[in-house]
Each structure stands twice: as C-alpha cells, then as structure tokens.
Amino acid sequence: MTFATAATEIQPDLVDLRRALHREPEIGLELPLTQRKILDALAGLPLEISTGTSLSSVVAVLRGGRRGPAVLLRGDMDALPVTEDSGVEYASTIQGVMQACGHDLHVTMLVGAARLLSAVKDDLPGDVVFMFQPGEEGQGGAMAMIDEGVLDAAGVRPVAAFGLHVTTNVPQGVFQTRPGILQAAVDEILVRVVGSGGHGSSPHEAHDPIPAACEMVLALQTMVTRRFNIFDPVVVTVGSFHAGTKSNIIPDDARFDVTLRTFSAASRETMRTEAVRLIESIATAHGLRAEVDYEPGYPPTVNDADEMAFARDTVTEVFGADRFQLMDDPIAGAEDFSYVLERVPGCFLFYGTPAEGADPKATASNHSAHAVFDDRWLGDGAALLAELAMRKLSASA
C-alpha cells in the first residue's frame, strides 16, 4: 500500500484534528491547547516525544527498523491576531485569534506523516524527526527549537529537512517551489524623530518632526530605486506612521515603522547600514534627532538545489506531473524555516489548498480574516511528507 492510499484511510481523522485546532487557535511561543492536541494525536505511536522548555514545542523521533541517517519534517503551529470572518462552521471560538495562515493544516499533515511512517517503521532505514514548532509568525520559534537541540534530536544531524506551507493562491493540490532563494529576509526599522512641539501657527518657534519624518519615508523609497540593482530587489514598506493629536499642535515627536525585504546578503547589509544613515542624516539636516532601532528578522529561505529537484521528482512520481509547478521568482514573504535550511540542506514547498471552486487569483489570501483552506487535501500533504522522508532515507542509507 502506498502512502497516498494509506492517507485516504486516515483522512477523516486528519479533518477532525485540523478543525479542532482551528477552533482553538493560539498565538506566539506558548500554545498549551495546541500542544495538548498534538500530544493526544501522537499517543500510541512508536515515537520518542519531548516538549520544549522555552516554548510549547513538540519533538517526536521515529526510530527506523534499520540503522541509518535522519530526516527532519516540520510543521508550524501558531495562529494570528485576526478576527475570523471565513463563514466556516468550525471557525475560531477565540475572539481576535485565527488560524489565518493555515498552520493548523501544517500540524495536521505532520501528524498524518507520523502515522503513515510509524506504520512502516520496520522498513525505515533511519530515523525521522517531527518538528512541531510554535512562534513562526514573528517570534522565531524555529531558532528557539534549534537552540534546544531539535536538529540533534535523533542523535545525528539530519541529512535533509522538508516542510510544506499551504496557500490559497496556488491551484488546488498543486505543489510549488524553486531552487535557491524562495523567500526574502525580513528586518524592521523602528524610528522616532525627536523635535520640540509648539503652536501650529508658529512653526518657526518649534522643531517640527513631521515634515522630516515624511521626507525620510520618501527618501527610503527613492533609495531603493537608486542604490540597489533592479535584479536584486528590495522592498521597503512603511506600515505605521503616528504623529500629533490635533491640526494646530506641532508634536514633540513622530514615529514610523518600516519592514524591509531583501533577497541577498549584500543588499541586506547595505540596507542595514545605509537606511539608518539616511534617516539620521535627514534628521540632522532639519535640526532634529532620530532614534533608530534596527531589528533583524528572519534570513532568506534558501532551498538546496538538489533537495528541490528531489522534492519535485517525488511529487511528480507520486501524484503526477500536473501536481507540480516550478516557481519563476521568489516571494517577498519571510519564513523562519530559513533557520533550519541554513544548517541542513532541504526544501520548502507551497501547497495549493484554496476553497473548493475558488479562483486562486481572486480568493482571500493567507493572513486574511476571510481565508478558507480546503482540508480535503490533508491526506496528500501527509503522504508527500512521508514519501520525502522514506525516499530520502533510502537514498542516503
């Protein structure tokens, strides 16, 4: 029996687990309800299970029947601070929190892979590490799990690591990825422009921070077009800008927050140094002071070319060539599985699960309050993860 066939038998259980996770979403690094559901779902399987100390992670190791290498499979667990408006009958019961990025499907597919592989453990020529990770949405849970030893959980460093991410913007059942850069690095700049307030009728008696802050925002956008190679793109977005309380009051300060997306180490370093210098220089030119806090985020997600080809071949052999699409370009979203891929060769794939009948080009996207992910595709996702692990262990033994 193939994993794909076996997955159809556990599909109802996977749907039940996914919907239970969806009803009770949690945010951040501490996800006790989610962790409990994972532990219950894994109960009875021949796994060595441990939980995190600095976060509510779950690591499960399946020992194969024969000695060999290890492979890591990952699923992230956390939700988002979004008030759900999807209309599904299993919608979130937690006000202001939603599994709007599909991480409930990731957890469920990883549980499914654990069940499928446990059924054939005697035939496994090595070990599989199942990495259930909190805190992907900005808290860097992957790095915390690495610090706690997830990459050495099997006793040897994995020869490869794989993960899936569902999306509503890819056709149903289609797996997408590319070699090399898949997703951008993300960093933030938090800026406070400090002046001195006064009456709006007499700006010469104050030091107005608002025009300077506005100039900084525009200068950052111009910097992207004049300092960076157009074939090594940079994305700068000011998503938050706050200043003042009333039209005739010049405030003491103005604040804005910037997200930076880069696709190379060179561009990332240039932006880190030059963006800060630009902001501080404009403040000085206006007789003001800028307090600039540069916060590094996730590195770029980089697929190993050989592991990407292996994943592509596995998809096409198991499901057919029409179920795989090679992406032309990376995307500017970021992902903390990048920390794993910095240390272990592997591949991260997107998996199309839009609602039945939805147009992937027009449907609500990940992070939307209206996002709906079709859990009829859970079995195939679990089967692919199991196939990747089994085939990689067999090829590496």
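Predicted model: local features only at pLDDT ≥ 70, side-chain atom pairs only at ≥ 80, totals over all residues.

Biologist: What does Arg74 pair with?

Modeller: Asp336. Their side chains meet in a salt bridge at 2.8 Å, N to O. Arg74 lies in strand E3 (residues 70–76), and Asp336 is in the loop between strand E15 (324–326) and helix H8 (338–343), so the pair ties together parts 262 residues apart in sequence.

Biologist: Is Arg74 buried or exposed? And Asp336, buried or exposed?

Modeller: Arg74 counts as buried, at 2% relative accessibility. Asp336 counts as buried too, at 0%.

Biologist: Which Glu does Arg391 bridge to?

Modeller: Glu317. The closest N and O atoms are 2.5 Å apart. That pair also links distant parts of the chain: Arg391 is in helix H9 and Glu317 in helix H7 (residues 305–319), 74 residues apart. Arg391 is partly exposed at 26% relative accessibility. Glu317 is exposed, with a relative accessible area of 56%.

Biologist: And what about Arg289, which residue is its partner?

Modeller: Glu291, with the closest N and O atoms 2.7 Å apart. Arg289 is partly exposed, at a relative accessible area of 44%. Glu291 is partly exposed as well, at 33%.

Biologist: New topic. How many residues are in the largest nonpolar core?

Modeller: It has 59 residues. Those with the most contacts inside it are Leu42, Leu73, Leu116, Leu117, Val128, Phe130 and Phe132. Helix H9 (residues 378–396) gives the largest share of this core, ten residues.

Biologist: Take Val128. What is it in contact with, leaving aside neighbours within four places in sequence?

Modeller: Val128 touches Ala60, Val61, Leu62, Val71, Leu73, Leu117, Ala389 and Leu393. Apart from that core lies another, of 28 residues, with Ala212, Ala213, Leu278 and Ala283 among them.

Biologist: Now strand E5 (residues 160–167). How many of its residues are buried?

Modeller: Eight of its eight.

Biologist: Which residues sit on which side?

Modeller: Ala160, Phe162, Leu164 and Val166 are on one side. Ala161, Gly163, His165 and Thr167 are on the other, and both faces are covered. As a general point, side chains in a regular strand alternate between the two faces of the sheet.

Biologist: Which way do its neighbours run, parallel or antiparallel?

Modeller: Parallel. E3 pairs with E5 over four bridges in the parallel sense. Val71 has Ala160 in E5 as its bridge partner. Strand E16 (residues 346–352) runs parallel to E5 and is joined to it by seven bridges. There, Val166 stands opposite Tyr351 in E16.

Biologist: There's an open sheet with four strands. What's the order?

Modeller: E10-E12-E8-E13, with antiparallel pairing. The edge strands are E10 (234–243) and E13 (289–296), and each pairs on one side only. Neighbouring strands are turned by 15° against each other on average, direction ignored.

Biologist: How many bridges join E10 and E12?

Modeller: Nine, with E12 spanning residues 253–262.

Key. Residues numbered from 1 in each chain as written. Heavy atoms only, no water. Core = buried A, V, L, I, M, F, W, Y, C linked by side-chain atoms within 4.5 Å. Buried < 20%, exposed > 50% of the residue type's maximum accessible area, 1.4 Å probe, protein only. Helix = DSSP H or I, 4+ residues; strand = E, 2+ residues; numbered from the N terminus. Contact = heavy atoms within 4.5 Å. Pairing = 2+ DSSP bridges. Axes fitted to C-alpha atoms, helices over the stretch in contact; angles between N-to-C directions. Salt bridge = Lys/Arg side-chain N within 4 Å of Asp/Glu carboxyl O.
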